Amino acid sequence: MDYNGKTPVKLSSVVNAQRYVPSTSNTSLIVGVRVRPLLKSEQTKSNRKDIIRVIDGKVVVVLDPDESKDYLDQVQHRTKERRYTFDVAFDFQSTNREVYDMTLRDLVSAVLYGINTTVFAYGATGSGKTYTMVGSPNDPGLMILSLQQVFQDRDRLFRDEEFSVTCTYLEVYNETIYDLLVKNSGPLELREDPEQGVQVAGLKHVPVSTPDDILGLLEDGNRRRKTEATDANSASSRSHAVLEILVKRKPLNHYRVQQLRAKLSLVDLAGSERAAETNNAGQKLRDGASINRSLLALANCINALGKMAAGAKAGANYVPYRNSKLTRLLKDGLSGNSRTAMITTVAAANDQYHHSINTLKYADRAKEIKTHVVQNVGTVESHIADYQRMIDALQLEVSELRGQLMEHQAVPSPSSNSPTNGTSRGFEDDLLTRIDNLVQDMNENIEERINLQKAVFEIEDANLFNRYELKQLEEFLSAGQGTVKEVAEGRDRRADIQIAVRDNERELAKYKAEILANENSRTDIQSRIDRLVSSNSNVAFLNFMRTFRLQAIRLQEMKFQMAVRDQIIFEQRAVISNLWKIINRSGMGQVRA
Amino acid sequence: MEAPGHESVIDQVKEVLSRPVDESQPYKHWYDASDLLQTELDKLRGPGALRDGTSDPEGVAWLMAQQGLCLLETDLRHQGEACILAALPRLELRAEGAGLPGFSPSQSTHHEQQPQSAPTEHLEVSGVGHKAIAVLQRCYNALGALWSERGELESALMWLNKAERLYHGQRKRVLQQKGENKDSLPSPPGSGAEGAGQADPAYAGDVLEAGYTLTVFSLAQVHAHAGSKEQSALYCAATLQRQLASGEVQLSEWVQNCLQLSAYYVNASAFAIGQYLLDAVQRIAQVEAEKKRQALDASDGQATGGEAWTRVLDEDVAANVHLAWGKLYLYRLVASLAYMQQSGSQKPSLPYPSPEHFPDLLRFPSLSHLLPSPEELPWGVSALATTFEAARDLFNAAIPRFNAALEYYKLDGWVTEYVTTQLEVSNLYRVLAAFEQDPKRCAAMHKLRASRLAHLVGALNPQHYLGLSRSIDLETANAWRDHVDALTDKLDSKAPNKSSKAIAEGARAATHSYTRFLNSFRKEDAGQMPDRIDADNEHFFLMAAFNLGRVLHRSALRVDQHTSESDLDIMVQAYKHLHWIADYVRRHKIEKMKQEASMAEQLASLIAEKIDLSKKVASMPKK
């Protein structure tokens with residue numbers, strides 16, 4: 001970015017680090033959707049029906065839940081049917097293993113090669129989120145399957161290496177972090193260490209050597225979460241649970257090989273019907289008394305407003321946003337060389353239509369993260385300006401160097417050094433043709449200009465002479481000394497000259513207009529030259545064009561000046577000759593001083 | 001209309017709803033409440049009913065509305081909505097009969113689009129009690145929320161606008177009854193008159209006030225979803241004011257929200273309003289601090305002046321207040337520069353150009369005696385600096401604020417906040433330097449800017465803070481590049497060697513930082529650059545690469561008979577680098593960078609020529 005009055009600095013250049021250089025790199029986000037079938041209890045209810053269809057393993061269609069549509073709706077084909085496309089979609093028959101294979105398997109493999117991976121499960125309470133993450137003994141969930149694969153890969157690929165796996169399991173509830181691996185955990189502090197990254201002070205890290213080790217820990221943790229949730233009045237749907245699996249491996253006997261470490265974070269997000277408060281008015285907000293104090297809800301709204309204001313480029317907070325423990329916790333795993341997957345769960349029952357739609361909308365937006373590109377406005381121009389300055393300075397330096405050499409030897413032409421592209425013969429021919437045309441147009445323009453200028457000089461000169469003669473005639477006629485015949489001839493002559501003067505003036509105006517047109521034509525040629533130069537990226541030709549243009553213009557200017565000088569000399573001679581004629585006619589002799 | 005005779009069922013419903021919620025049956029208490037209301041409804045429609053189906057049509061409407069409100073909390077929303085829509089005509093008819101001509105009975109279709117036209121002044125409510133109005137208000141709010149959830153924002157707005165008109169009508173009626181001046185009555189937001197932000201318990205009950213706060217907040221959300229940012233911000237402000245007036249707010253949370261709202265206006269270059277909100281924050285904190293001081297014994301040594309206000313806020317929020325002030329000055333400075341660099345006729349007008357444009361919804365009436373008058377705020381272009389001295393004043397106002405924030409946001413523990421704030425400070429120096437006419441002083445500022453970041457270079461573990469460490473390298477590189485550019489501008493013809501040396505040193509520092517930045521993209525295993533940089537970073541990468549090409553050759557500025565081999569090596573490196581980056585752009589067909597690539601090639605070609613000529617000059621026999 002430049003400044004100092006050279007290039008504009010726009011408001012958008014007020015950036016902070018996160019926007020300046022995105023923290024994501026090689027980011028890959030997979031969004032998968034899983035549809036939960038109707039439960040037996042739901043099937044028994046007569047008014048419940050399944051309204052979600054999965055097509056081609058990618059498209060989720062949510063049918064219109066209204067059976068009794070208004071007449072107007074029917075005739076106008078108004079429908080609430082919605083259709084969304086994701087990376088992968090799973091219908092009722094899919095098992096946790098299938099979901100795992102299609103979404104996480106490759107990502108978990110990458111963890112062993114040092115790539116951080118984060119998996120989110122998102123969906124309304126009761127949509128099958130926890131089932132997908134934890135599963136059952138017969139159908140183990142993504143958390144269990146991930147760990148199984150870590151150990152299988154260790155046994156298969158890295159048997160001879162130092163290999164360690166540690167786990168943490170925590171809960172973020174009401175912006176407070178609790179350890180789910182210890183009984184009665186108190187609130188834990190989150191801090192950023194410059195070397196170690198994001199740290200939860202006092203969080204228990206449990207070494208794990210088999211998948212079974214973690215199963216018991218997870219069960220205990222979930223029980224703690226559940227227990228606290230009941231006490232806190234339906235709080236489990238408002239808490240996020242994060243299982244982090246830290247994998248370290250180091251090949252033995254390879255002293256130069258660094259230890260590889262990566263983190264697999266599996267996040268069971270709060271129920272989407274709660275988490276989506278910023279996206280809709282939300283059930284909770286019907287409680288008017290609570291909104292008076294619900295500063296958090298307002299914070300979500302204002303924060304969303306800030307993001308809207310800054311547009312897609314946003315991401316930076318004006319002041320640190322307090323309601324962001326989870327974001328801060330996971331930032332580590334979402335930045336750098338990381339992979340992310342979001343598994344969205346929706347219930348198929350018609351009475352869950354709005355929850356499902358809201359969840360799918362959220363997932364649909366998450367999908368866009370993949371294509372998000374950070375723009376940096378205003379820098380392109382400054383680069384060009386800076387380059388141009390440097391090119392100019394270098395040209396000067398080169399010219400000076402060449403000058404120094406000229407004193408000793410002939411300097412090779414600039415183009416002999418410049419790399420030319422041998423494969424662009426046709427392009428060069430075309431360029432030469434265009435240059436030839438320009439040269440021809442330029443020549444014609446200059447020739448026309450010279451002729452026009454000559455014509456103007458001639459007319460002006462003729463009128464100069466005419467006016468001189470008119471003055472003489474006026475004096476002669478007013479003196480009254482001539483004969484009748486002489487006076488009559490004088491009057492006729494005067495009338496002829498007056499007509500000639502008027503005709504000449506008309507001609508003069510015409511030629512001046514033509515000169516103006518010629519000037520416009522010259523400007524046009526000049527701009528064609530400029531365009532040719534600016535549109536051409538071939539350095540050799542650019543240099544050639546510059547040299548040619550300068551020389552051609554210089555040549556034409558010289559030509560024009562010579563022509564004008566010749567014309568003036570010619571005119572001066574003619575004027576002198578005419579003057580002598582007048583003097584002779586007036587009876588004075590050609591007496592030279 | 002206050003459902004006399006149904007007190008018993010009301011109490012039962014209240015009791016049911018106050019029970020703890022069973023997580024496995026989250027809707028049970030709502031269903032139970034609905035069942036109780038249904039039983040009461042059945043009684044009214046039973047054998048004792050009149051020929052029209054009920055002996056108490058208003059009671060039925062009231063009970064149905066309550067039932068609908070309960071069911072909207074469950075998965076039976078469709079039924080809940082139907083109940084409310086069935087009850088509304090009777091509720092509204094009653095309101096209309098009581099002098100509310102603005103309330104035509106609601107249609108029970110989902111697609112009703114009623115224009116928001118009825119001005120508040122036409123609404124008259126007489127004989128309708130607060131409780132009945134409150135039920136109507138709850139119904140409108142609930143329907144607004146329902147349609148908002150469905151994503152049908154026009155329908156949501158229609159219901160919420162009804163709720164808003166209802167509230168204003170009631171407020172006006174009570175004020176008229178009290179004989180207050182009609183001209184001072186509130187009008188709906190957007191009409192330019194005050195009202196929504198005030199909570200006056202004299203004309204309506206707490207329930208109605210709480211309901212209206214919900215209306216205002218819901219309107220803020222719905223407008224946000226509809227893309228009406230400005231309207232949304234106004235309603236957010238109104239909600240903030242109502243929360244403040246309710247006296248139930250948690251100070252730090254409220255302040256934090258107010259800071260974020262200020263950010264919205266500052267981002268939109270509405271600096272006066274941004275400052276007004278920050279002033280409000282500080283005054284409220286000061287008032288709170290003063291209250292605390294008075295509550296304590298004066299002899300216990302509590303500080304009363306200065307920064308006492310920060311002690312009533314959570315530490316991070318107090319730091320955020322400083323940050324917000326610092327950023328306000330920074331944004332004003334940046335806007336000043338942009339404004340200054342724009343040519344006369346193209347200069348944009350800033351929003352809210354004068355105090356006359358101050359929206360009433362944004363004012364804090366309860367703080368008016370504490371806050372500066374609107375005339376004292378920096379409206380429109382008056383917020384902008386047009387001279388170096390004015391720019392320096394903004395700079396000097398910002399720096400202590402950023403430093404105060406950094407007292408809390410230390411590197412150890414708050415890496416992200418610390419680094420981002422340091423980058424803001426760097427930006428502050430950058431913009432001030434642009435106002436400086438003297439290239440020498442300008443170069444010194446950029447050097448200072450780079451030195452403030454020096455302790456951060458290499459201080460973060462890139463495995464955990466890749467984005468931040470890259471940002472530090474890039475900003476440091478840009479600071480040195482700007483330093484070099486400024487030195488080049490002032491190249492001293494009397495002492496060319498001295499200038500050249502300083503330029504070369506600066507260019508080498510820039511080269512070092514750009515190289516660090518670019519190397520962070522190398523593959524960990526082989527150390528090679530990837531064939532293509534990821535889309536999020538590619539632009540930054542290319543910009544840095546082009547800049548590296550620029551500063552590289554300046555690292556070897558001396559071109560004379562003394563040109564050293566190392567200088568020539570640097571130039572060769574620059575030549576290769578420029579070709580590489582131009583080739584990258586061409587290979588990946590990056591249209592946006594085509595012109596830069598072309599110029600980079602041109603520059604490379606000139607450098608090649610310069611190298612060649614330099615060698616020839618060096619080999620010439622000395623005279």
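Visitor: With which residues is I525(A) in contact, leaving aside its neighbours within four places in sequence?

Guide: In this predicted model, I525(A) is in contact with L438(A), D441(A), M442(A) and N445(A). The word contact is used because heavy atoms lie within 4.5 Å. I525(A) and M442(A) are 83 residues apart in sequence, and their C-alpha atoms are 6.9 Å apart in space. I525(A) itself is found in helix α17 of chain A, residues 484-535.

Visitor: Why is I525(A) counted as buried?

Guide: The relative accessibility of I525(A) is 5%. Buried means under 20%, so I525(A) counts as buried.

Visitor: What share of chain A is buried?

Guide: Buried residues make up 45% of the 593 residues in chain A. The chain holds 18 helices and 14 strands. It exposes about 30,000 Å², of which carbon and sulfur atoms supply 52%. Among its contacts between residues at least 6 apart in sequence, 72% join residues at least 24 apart.

Visitor: What makes strand β6 of chain A mostly covered?

Guide: Eight of the eight residues of β6(A), which spans residues 116-123, are buried. In a regular strand the side chains alternate between the two faces of the sheet. In β6(A) both faces are covered: N116(A), T118(A), F120(A) and Y122(A) lie on one side, T117(A), V119(A), A121(A) and G123(A) on the other, and all are buried.

Visitor: How do you know that β6(A) and β13 of chain A pair?

Guide: Two strands pair if at least two bridges are found between them. β6(A) and β13(A), residues 260-268, have five bridges and pair in the parallel sense. Within this pairing, T117(A) stands opposite L264(A) in β13(A).

Visitor: What makes β2 and β4 of chain A edge strands?

Guide: Three strands of chain A form an open, antiparallel sheet in the order β2-β3-β4. β2 (52-55) and β4 (82-85) are its edge strands, as each pairs on one side only. Neighbouring strands of this sheet are turned by 20° against each other on average, direction ignored. Four bridges join β2(A) to β3(A), residues 59-62. The bridge partner of I55(A) in β3(A) is V59(A).

Visitor: How do you know that the side chain of T239(B) has a polar contact with the backbone oxygen of Y235(B)?

Guide: A polar atom of the side chain of T239(B) lies 2.7 Å from the backbone oxygen of Y235(B). T239(B) is found in helix α8 of chain B, residues 229-246. With 0% relative accessibility, T239(B) counts as buried.

Visitor: Why is the pair of F521(B) and F541(B) called edge-to-face?

Guide: A search of the whole structure finds 20 aromatic pairs over all chains. In the pair F521(B) and F541(B), the centres are 5.1 Å apart and the planes are 80° apart. Centres must lie within 6.5 Å, and planes over 60 degrees apart count as edge-to-face, so the name applies to this pair. F521(B) lies in the loop between α16 (496-519) and α17 (535-554) of chain B, and F541(B) lies in helix α17, so the pair ties together parts that are 20 residues apart in sequence. Both F521(B) and F541(B) are buried.

Visitor: Why is the pair of W580(B) and Y584(B) called tilted?

Guide: The planes of W580(B) and Y584(B) are 40° apart, and the distance is 5.8 Å centre to centre. Stacked requires under 30 degrees and edge-to-face over 60, so this pair is tilted. Both residues lie in helix α18 of chain B, residues 565-587, four residues apart, about one turn of the helix. W580(B) is partly exposed, with a relative accessible area of 30%, whereas Y584(B) is buried at 0%.

Technical notes: Residues numbered from 1 in each chain as written. Chains lettered and ligands numbered in written order. Predicted model: local features only at pLDDT ≥ 70, side-chain atom pairs only at ≥ 80, totals over all residues. Heavy atoms only, no water. Helix = DSSP H or I, 4+ residues; strand = E, 2+ residues; numbered from the N terminus. Axes fitted to C-alpha atoms, helices over the stretch in contact; angles between N-to-C directions. Buried < 20%, exposed > 50% of the residue type's maximum accessible area, 1.4 Å probe, protein only. Polar contact = N/O pair within 3.5 Å; in protein donor to acceptor, adjacent residues only side chain to side chain. Areas by Shrake-Rupley, 256 points an atom, 1.4 Å probe, with all protein chains shown as cover. Phe/Tyr/Trp six-rings, centres within 6.5 Å; stacked < 30°, edge-to-face > 60°.
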